[in-house]
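Work through the exercises below with the model open. Each task is followed by a solution in steps.

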Amino acid sequence: MAGHAAPHSSKLTYDDYVTLPDDGRRYEILDGELAVSPAPLTAHQQVSALLTLAMLGWVRERRLGIGLTAPCDVILDETTVLQPDLLFV
């Protein structure tokens with residue numbers, strides 16, 4: 001489960017997000033609040049890899065779009081920045 005940082009006086013934005021360290025944790029900003037997750041466990045990575053292979057094959061065969069994997073920033077608005085394991089566009 002993602003941890004949350006100490007309360008912040010104002011909402012964090014994408015500008016704050018790009019200054020966060022590259023230390024193996026997953027940082028996301030959810031409605032202006034920082035969420036920090038540790039690096040995923042091996043089992044998580046194995047499932048993610050299998051889902052990625054299945055999805056990319058399905059998408060490519062049908063020419064439906066593109067599939068992307070983490071790290072890939074998804075900016076929903078200025079105060080919501082996610083980093084999903086797998087993304088279909």
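**Exercise 1.** Classify Asp-31: buried or exposed, or in between?

*Solution.* Step 1: take the cut-offs. Buried means under 20% relative accessible area, exposed over 50%, and partly exposed in between, with a 1.4 Å probe and protein chains only. Step 2: apply them. Asp-31 has 47% relative accessibility, so it counts as partly exposed. Asp-31 belongs to the hairpin of E2 and E3, which has two residues between the strands, and takes a positive phi near 50 degrees.

The model is predicted: local features need pLDDT of at least 70, side-chain atom pairs count only at pLDDT 80 or more, and totals for chains, interfaces and linings use all residues. Residues are numbered from 1 along each chain as its sequence is written, and side-chain values use heavy atoms, with hydrogens and water left out.

**Exercise 2.** Find the salt-bridge partner of Asp-31.

*Solution.* A salt bridge is a side-chain nitrogen of Lys or Arg within 4 Å of a carboxyl oxygen of Asp or Glu. Step 2: search. Lys-11 meets Asp-31 at 2.8 Å, N to O. Step 3: locate both ends. Lys-11 lies in the loop between strand E1 (3-4) and helix H1 (14-17), Asp-31 in the loop between E2 and E3, 20 residues apart. Helices (H or I, at least four residues) and strands (E, at least two) are DSSP runs, numbered from the N terminus. Step 4: check Lys-11. Its relative accessibility is 46%, so Lys-11 is partly exposed.

**Exercise 3.** Which residues are linked with Arg-26 in a network of salt bridges?

*Solution.* Step 1: take Glu-28. Its side chain meets that of Arg-26 at 4.0 Å, N to O. Step 2: take Asp-85. Its closest N and O atoms with Arg-26 are 3.9 Å apart. Asp-85 lies in the loop between E6 and E7 and Arg-26 in strand E2, so this pair ties together parts 59 residues apart in sequence. Step 3: join them. Arg-26, Glu-28 and Asp-85 form one network. Step 4: compare cover. Glu-28 is buried at 12%; Arg-26 is partly exposed at 26%, and Asp-85 is partly exposed at 25%.

**Exercise 4.** Describe how E2 and E3 pair.

*Solution.* Step 1: two strands pair if DSSP finds at least two bridges between them. Step 2: count. E2 (residues 26-30) and E3 pair antiparallel over five bridges. Step 3: name one partner. Arg-26 bridges to Ser-37 in E3. Step 4: check cover. In E3 (residues 33-37), four of the five residues are buried.
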